[in-house]
2 protein chains.
Amino acid sequence: MTTTGPGRPRKQQPSRPGATARDEILDAAAELFTTQGYAPTSTRSIAEAVGIRQSSLYHHFSTKDDILEVLLAGTVAGGLAFARRVCAEVAGGPDGGGGEGSSGDSPTAAARLHAVALYDGTQLCNARWNLGVLYNLPEARSARFQSFMADRNELRGLYRRLGAELPANGWAGTSQNGDLAFRLVESLVNLRADGLSTPDSPLQAADAGIVLCGLAGSLAAVRAGSAALVASIG
Amino acid sequence: MTTTGPGRPRKQQPSRPGATARDEILDAAAELFTTQGYAPTSTRSIAEAVGIRQSSLYHHFSTKDDILEVLLAGTVAGGLAFARRVCAEVAGGPDGGGGEGSSGDSPTAAARLHAVALYDGTQLCNARWNLGVLYNLPEARSARFQSFMADRNELRGLYRRLGAELPANGWAGTSQNGDLAFRLVESLVNLRADGLSTPDSPLQAADAGIVLCGLAGSLAAVRAGSAALVASIG
């Protein structure tokens, strides 16, 4: 990662990802929020990191909160869209949606939960900045960001719905299935912050979610169904 | 929780827990850091929340960082002391320390891991303020707080050590045992921030840690051994 000093000539060296100034602003803000903190970062320092004037930044975002809102939404958008697709396909038919129209067998509920966890966790681990570290900010918990929290709650609800479709697991019924998988995936944020995440971490989290459902013995089949789902929807 | 306005006469109404002004400062700071955020909270606002002068606060803490350091240390101190005791007792003898001197049978490695997770998770859930929300603050990850991070890493290491003593679990060997339990316990912080933790949550996290070790079938015995350990050490 090259360091981009303030005031560098933007037009000549667009070193941040993104085709537009808006994307560059989001990337610079994400870097500063996750490395310096949200409150200590000013819109001025964001503009400087991009190499634009503060007034140009205000052309794209009225406030720092508006930037955070877009960034937080981005942390759940991919996982939520995927989970909605997975659940919508299932709703198409009784007991798993049947095989019509899809390639091969209908994925089991366990494969669907695994796929959602794997896809969601991969997004969290592969995003350029570890924005999940901002989830517990008191600021992010305020009403200002209720739209993000609503998305995150919907995602948690889809995990729960998929978990509730599994057979009782013998140690805690089905009540915890989805929630524990959701928590294991979100714990990837901490793992990454601790410098301990590896390319295998999302798969391990998804696997662990399935083991907690009492399905350790079916893990190979669940993984295969999950991989097929990710390939067809993701 | 009663609200304590700034400037209330401290001597007459010590409404915050703690016998000393230092304890009251820590409590007020914990409330403000977890509800308003760390960066936005000034030492002046902490002093006002206690009902003392800012100069009196400086008699106890030179900087806001010094206050955060004490608060962060407090989130791991109990769990770490307990885990050290659990591991030290085991080191007293081969293959689990034997039964001499202790009351009854030597606890299994699984019971020890369960007890550490249960004790640690209970501390996180029962603390007056959910200070774990500050773990991912970029500020808390700076060298200034390396002593806290060293304690947290030692605690994670003890989870890992206990997890490594268990038999291979059939889905991921033993490499993940301790780490997943540690992550499930820390995820109680998020659960609490989401308003979803219950009195059963620490036990559920400890149970889940054991299930991930492939020991769902022994959960009742593991719980019993764990409860005995917590009663004798905790």
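Let's start with a proline, A:P107, which is found in the loop between α4 (64–91) and α5 (109–126) of chain A. Keep in mind as we go that this is a predicted model. Is A:P107 buried or exposed? It is buried, because 25 other C-beta atoms lie within 10 Å, and the cut-off for that label is 20 or more.

And what does A:P107 touch, once we set aside residues up to four places away in sequence? The answer is A:R112, A:G225, A:A228 and A:L229. A:A221 is worth a look here too: A:P107 and A:A221 are 114 residues apart in sequence, yet 9.9 Å apart in space, C-alpha to C-alpha.

That brings us to helix α9 of chain A, residues 219–233. Which residues of α9(A) are buried? They are A:V222, A:G225, A:S226 and A:L229. These four cover an arc of only 100° around the axis, which means that they sit on the same side of α9(A). Turn to the other side of the helix, and you find A:A220 and A:A231 exposed.

Now for another proline, A:P17, which belongs to the segment before α1 of chain A. This one counts as exposed, because it has 10 C-beta neighbours inside 10 Å, and the limit for exposed is 12 or fewer. Leaving aside neighbours within four places in sequence, A:P17 is in contact with A:D23, A:D27 and A:R128. A:P17 and A:F82 are 65 residues apart in sequence and 24 Å apart in space, again C-alpha to C-alpha.

Let's step back to the whole chain. Chain A has 9 helices and 0 strands. Of its 234 residues, 46% count as buried. If we take contacts between residues at least 6 apart in sequence, 70% of them join residues at least 24 apart.

What about the nonpolar core? In soluble globular proteins, nonpolar side chains tend to be buried together. Here the largest nonpolar core has 126 residues, and A:A29, A:V116, B:A29 and B:V116 touch the most other members. Looking at A:A29 beyond its neighbours within four places in sequence, we find contacts with A:I46, A:I67 and A:L71.

Finally, the two chains together. Chain A can be laid on chain B with an RMSD of 0.0 Å, using a turn of 180° and a shift of 0.0 Å along the axis. The two copies are therefore related as by a two-fold rotation axis. The same surface serves both copies, with 100% of the contact residues of chain A recurring in chain B.

How many residues does the contact take from each chain? It takes 32 from chain A and 32 from chain B. On the side of chain A that touches chain B, the elements giving two or more residues are α1 (21–35), α7 (177–193) and α8 (201–212). Of the elements, α7(A) gives the most, with 8 residues. By class, that side of chain A has 16 nonpolar, 11 polar and 5 charged residues.

Key: Residues are numbered from 1 along each chain as its sequence is written. Chains are lettered from A and ligands numbered from 1 in the order in which they are written. This is a predicted model: local features need pLDDT of at least 70, side-chain atom pairs count only at pLDDT 80 or more; totals for chains, interfaces and linings use all residues. Copies are superposed by least squares on the C-alpha atoms of residues with pLDDT of at least 70 in both. Two residues are in contact if their C-beta atoms, placed from the backbone, lie within 7 Å. Ala, Val, Leu, Ile, Met, Phe, Trp, Tyr, Cys and Pro count as nonpolar, Asp, Glu, Lys and Arg as charged, and the others, Gly among them, as polar. A nonpolar core is a set of buried Ala, Val, Leu, Ile, Met, Phe, Trp, Tyr and Cys residues joined through C-beta atoms within 7 Å. The expected span of a helix is 1.5 Å times one less than its number of residues. The arc is that of the directions from the helix axis to the C-beta atoms.
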